[in-house]
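Work through the exercises below with the model open.

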Amino acid sequence: MVNQKIIYVEVTIMSPLLELVDIKLEMLGKTILDGISFRVNSGDIVGLMGSSGSGKTSTFRIINLLQSPTNGTVFYQNKDTREYLPTTLRREVGYVFQKTYLFGNTVMDNLMYPYHLLKQQPDFQEITDYLKQVNLPESIITKKINELSGGEQQRIALIRSLLVKPKILLLDEITASLDEENTIIIENLIQNQNQNRNVTVLFISHNMGQAKRLAKNILYLKNGKVSYHGSKDEYFAQKELQQ
């Protein structure tokens, strides 16, 4: 009789960092999201694409507890987001809006806020480093909000979110007011945060070139449903075949 040795192999299944399950949203009798489900793993960069009105921004608002779905559940780190205090979740899941929102009177007010939120002493070297990375002068700190251009406001809002050190970053058309040079600078910063801090990124963009440069995976919404979710390379290969 031959002795057989049984070898047990332990398989670890990685849980998604973020998961949306059958999310539906109806407003004023109109279906905005029609049962969307998808998972995002830690360290991913997902380009959220689709025509205007397909439900992209609504998806972000639901993830960030700014809007409640009609049906369905969002899980962050395997926990229903409704079980989080909104302020707690938003420290982990940063959101930079398409229409920039800065508060207070000055840039300084906005860049001090993350340290106040985290109960830490301001790190002016960290702030200076971020300003350099987004091509803004250190002197901008003393400027009033109403003195900033749209592109400057977007970059300050991005820095403010990054200073909180989120695990997930939701970016809604944040380079829409920037020229090509500064768009590339912001994309480089996002990739740097992804690679060096493992920040998971979901970004909305209508810019095909940006999606090709920045995304690892594409999530395409059509009429409130997930039309495609998978690798960037496969998505653009399919588009080329359809042309």
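**Exercise 1. Find the residues that ring pairs link into a cluster.**
Solution. Start with the rule: rings of Phe, Tyr and Trp (its six-membered ring) pair if their centres lie within 6.5 Å. Ring pairs then link Y220, Y228, Y235 and F236 into a cluster. Next, look for a charge over a ring, meaning NZ of Lys or CZ of Arg within 6 Å of the ring centre and within 35 degrees of the ring normal. K212 lies over the face of F236, 5.1 Å from the ring centre.

This is a predicted model: local features need pLDDT of at least 70, side-chain atom pairs count only at pLDDT 80 or more, and totals for chains, interfaces and linings use all residues. Residues are numbered from 1 along each chain as its sequence is written, and side-chain values use heavy atoms, without hydrogens and water.

**Exercise 2. Classify the pair of Y76 and Y84.**
Solution. Planes under 30 degrees apart count as stacked, over 60 as edge-to-face and the rest as tilted. The ring centres of Y76 and Y84 are 5.8 Å apart and the planes stand at 50 degrees, so the pair is tilted. Now check burial (buried is under 20% relative accessible area, exposed over 50%, partly exposed in between; 1.4 Å probe, protein chains only). Y76 is buried at 1%. Y84 is buried at 14%. The charged end of K79 sits over the Y84 ring, 4.5 Å from its centre.

**Exercise 3. Classify the pair of F103 and Y113.**
Solution. The centres are 5.1 Å apart, with 75 degrees between the planes: edge-to-face. F103 is partly exposed at 24%, and Y113 is partly exposed at 34%.
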